[in-house]
Structure formats: structure tokens, C-alpha cells
Amino acid sequence: MAAEKRFLVPDEKILSDIFPGVVGLKPSSYNIISNTFDICTFSVQVEVILLLVIVRLETEKSEASKSRLATVAALNGLGHLQLNDIVPSIQQIGTATTIDAKKVNYLVTEYLTGTVLLEDIWNTLDETNQLELVDSVVCAVDKLQKLGGIKNVYEHLTATPYISNDKKTPIAIGGPGIGYFPDIKNFLEGILQKHERPSGCKLLGTDGGLLIQSEYDDIGQIDLSHSNLHELQRCVVFCHNDLEPRNILVRKSSSGKYELAGVIDWEMAGFYPIAYEYAVKYTSLGCENLYFNWTECHTKFIKAVRIIEKSKKKAMSRNVGVRVQAKWIQREKVEESSDIHKGWIRKAGEKSQVFTKENMQELENEVLQELGYI
């Protein structure tokens with residue numbers, strides 16, 4: 001019988017590889033935040049050097065997996081350079097070995113003390129404090145997108161897929177979460193083909209540029225001209241791309257209000273058209289860019305991404321996540337605004353209500369029952 005596959009956890013050998021010379025580090029020294037068969041994130045207090053850190057482990061399946069974590073570290077480092085007050089610094093990166101001789105890659109980052117996840121306290125905040133935090137996140141996004149102000153950006157990306165061996169290739173579009181592409185056309189094709197699932201959508205080259213066409217009549221199509229594609233290529237910026245409450249840390253101030261304290265989890269970060277972060281998150285963050293003129297090509301690009309994503313979801317009729325999202329939209333009584341800059345809005349006359357983790361679990365159970373999984 002094959003050996004049972006277990007969730008990845010740090011053992012004494014891994015801890016000694018990451019913190020050589022530190023005596024007394026045992027499994028009881030750490031606190032697991034999350035783990036799967038191949039990934040583990042945990043906090044650990046290293047008393048000797050008075051350091052509290054977060055460690056991420058990933059089983060090393062290939063050189064590509066090792067390179068991916070190194071790229072995440074480089075992007076996290078760029079974020080820290082631009083937002084050193086809220087982005088944790090990288091302490092170290094390397095490879096360790098488990099007791100049974102398996103290789104794992106690791107990334108050690110600074111632990112931000114006295115913080116909590118925004119998702120854990122959002123429903124307890126009054127509207128004023130919520131809006132203040134949203135404002136702070138918008139300002140953080142604005143600074144990240146102005147990354148060009150950092151000197152020697154290329155040096156911080158050495159040995160990542162963004163820089164070729166001859167160092168003559170310009171920064172590619174994309175990142176470790178989706179891949180790297182030389183231009184907008186290839187980037188859109190990459191989004192379409194990700195996960196190798198039914199896409200429900202086509203990208204067609206035309207004399208005028210590119211046509212993104214859904215196989216579903218109710219979703220439609222959009223064309224991007226050559227000038228649109230050129231403008232989008234010119235406006236590639238640094239993005240986090242996963243600014244969800246689970247990746248935002250807050251800290252209570254002396255006034256009793258919560259303030260933005262940290263932005264974590266840089267796996268989806270990278271260099272993307274300025275409208276992409278807005279397009280994938282359906283928020284108004286991208287529209288608050290005071291230094292940027294929101295032009296036709298960006299509006300069309302958002303529509304293109306939405307056509308691709310909506311077509312893919314419609315083609316995945318038995319996908320649990322897609323069904324849960326549909327039920328959430330119905331429960332919360334929200335809809336897409338006819339004004340693309342407003343994203344999702346609550347239907348006229350409907351009031352906001354608290355949505356808890358328990359509510360989410362209820363929706364997931366409903367879907368699992370409908371699909372016959374439970």
C-alpha cells in the first residue's frame with residue numbers, strides 16, 4: 001500500500017536548516033497558519049535573535065517551483081521598497097531538507113506585531129472607519145503603480161523570468177501567478193488558456209487588431225485596435241492583484257480606530273496593464289488613480305478581461321467556486337453597473353447586510369449538496 005500523503009509541516013531538520021545554530025527550535029516553537037500537501041505557512045519565535053517571523057514552505061517539485069518562490073520574494077521586496085511602512089521585509093530565502101530527505105523551498109518574512117486580518121474585524125467597524133481603510137488601500141495601490149520612481153528596478157529582478165540572460169529584454173507582462181508574456185495579445189491568450197479548462201471564448205486576430213468573442217451571446221464581444229494594444233503595453237505598472245481583506249493587516253490606533261498596517265501575500269503580484277487589477281477584482285481602486293487618465297483602451301481592456309472570465313465561468317457549470325459566487329451575488333442582491341467604472345453595485349432599494357464566514361460555509365454546503373458531493 002502506498003504511503004499516506006500528509007500535509008506539509010516544518011520538522012526539526014527544516015527548522016535547523018532555516019535557522020542554523022539556533023538551539024531549541026522544535027515543532028512546539030511554531031504556529032501553523034495554513035498548510036496543504038505542498039505548501040505550509042507558519043509563524044515562529046526565534047528567541048536567541050529576538051525575531052518573530054513568518055515562514056512559507058513549498059515542496060520543491062522542479063527548478064520552476066524554486067524560481068517561482070524567488071520571484072515572489074523579489075516582488076515582495078519591490079513592494080517593501082515602495083511601501084516600507086506596510087509591506088513586510090524579506091529576511092531570507094533558500095532550500096531546506098525534511099527529515100525524510102525531501103527538498104522544500106522557504107521564504108522568511110518579517111512578522112508585523114499587533115495586527116489582525118481586515119477580514120476578521122471588517123463587520124465590527126463603523127462606515128467611517130471602513131471608508132478610511134479603503135482610502136488607505138487606494139493610496140497604497142497608487143504608490144505601487146508609481147514603482148518607476150525606484151532606482152535600479154531591474155537589479156531587484158535579477159535571476160527572475162522578467163530579465164533575460166543578456167539583460168536586454170524589457171520587463172515582461174505578468175507574474176508568478178499567471179505566467180510571463182511579451183505583449184498584450186499573448187497576455188490575453190494566457191488568461192484564456194489558464195488551467196486548461198473550457199474557456200467559452202475566442203481571441204481572433206483581425207486587420208484592425210484583436211477581437212475577444214464569447215461563445216455566449218449574452219456576454220458579447222469587444223475589439224482592441226492596434227493603437228489600443230500599443231497603449232496598454234505602454235501603461236504596464238506594478239500591481240499586487242490580490243488585495244482582499246485576507247491579505248490586508250490592520251492595527252488599532254490610540255484613537256480606537258483601525259489603521260492599515262500591512263499588505264501581505266505577493267504571489268499574484270507582477271507587472272500588468274494599469275486596468276488589470278481593477279478588472280480582476282471588480283473594485284473601484286483603479287479608477288482612483290489621480291495621476292492617470294482613464295482612456296478608451298483601458299475601458300475596453302476591462303471589458304475584454306470580463307468577457308474572458310465570464311465566458312470561462314459559464315463553461316464551468318459544475319465548478320464549486322463559480323456556483324458559490326453566483327449564490328453570493330443572488331443573496332447580496334448586487335449587479336454589474338452599466339457604468340464600468342462603478343463595478344458591482346447593490347440593486348436599487350436593497351440594503352447592505354453582514355456576511356460572515358458562517359454564511360459563506362452555508363453557501364458552500366448548499367453547492368456541495370446540489371452537486372452530490374455531500
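**Entry 1: the ground rules.** I began with K357, which is exposed at 54% relative accessibility; here buried means under 20% relative accessible area, exposed over 50%, and partly exposed in between (1.4 Å probe, protein chains only). I kept in mind that this is a predicted model, where local features need pLDDT of at least 70, side-chain atom pairs count only at pLDDT 80 or more, and totals for chains, interfaces and linings use all residues. Residues are numbered from 1 along each chain as its sequence is written, and side-chain values use heavy atoms, with hydrogens and water left out.

**Entry 2: K357 and E119.** Which residue does K357 meet in a salt bridge? I found E119, at 3.8 Å from N to O; the term asks for a side-chain nitrogen of Lys or Arg within 4 Å of a carboxyl oxygen of Asp or Glu. The pair links distant parts of the chain, 238 residues apart: K357 sits in helix α11 (residues 357–370) and E119 in helix α3 (residues 118–121). Helices (H or I, at least four residues) and strands (E, at least two) are DSSP runs, numbered from the N terminus. E119 is partly exposed, at 35%.

**Entry 3: K257 and E132.** Next I looked up K257, whose salt bridge with E132 has its closest N and O atoms 3.1 Å apart. K257 is in the loop between β13 (248–252) and β14 (258–263) while E132 is in helix α4 (residues 127–145), so this pair ties together parts 125 residues apart in sequence. I noted both as partly exposed: K257 has a relative accessible area of 31%, and E132 has 36%.

**Entry 4: K314 and D218.** Here the N to O distance of the salt bridge is 2.7 Å. Because K314 lies in helix α9 (residues 296–315) and D218 in the loop between β10 (209–214) and β11 (221–225), the pair ties together parts 96 residues apart in sequence. K314 is partly exposed at 40%, whereas D218 is exposed at 57%.

**Entry 5: network and tally.** I also traced salt bridges that share partners and join R56, E58, R68 and E267 into one network. The count comes to 22 salt bridges.

Entry 6: Is A101 buried or exposed? I read it as exposed, with a relative accessible area of 59%. A101 is not a glycine, yet has a positive phi of about 70°, and its place is the loop between β4 (90–97) and β5 (103–110). N241, also not a glycine, has a positive phi of about 75°. I found N241 in the loop between β12 (236–239) and β13, and at 6% relative accessibility N241 counts as buried.
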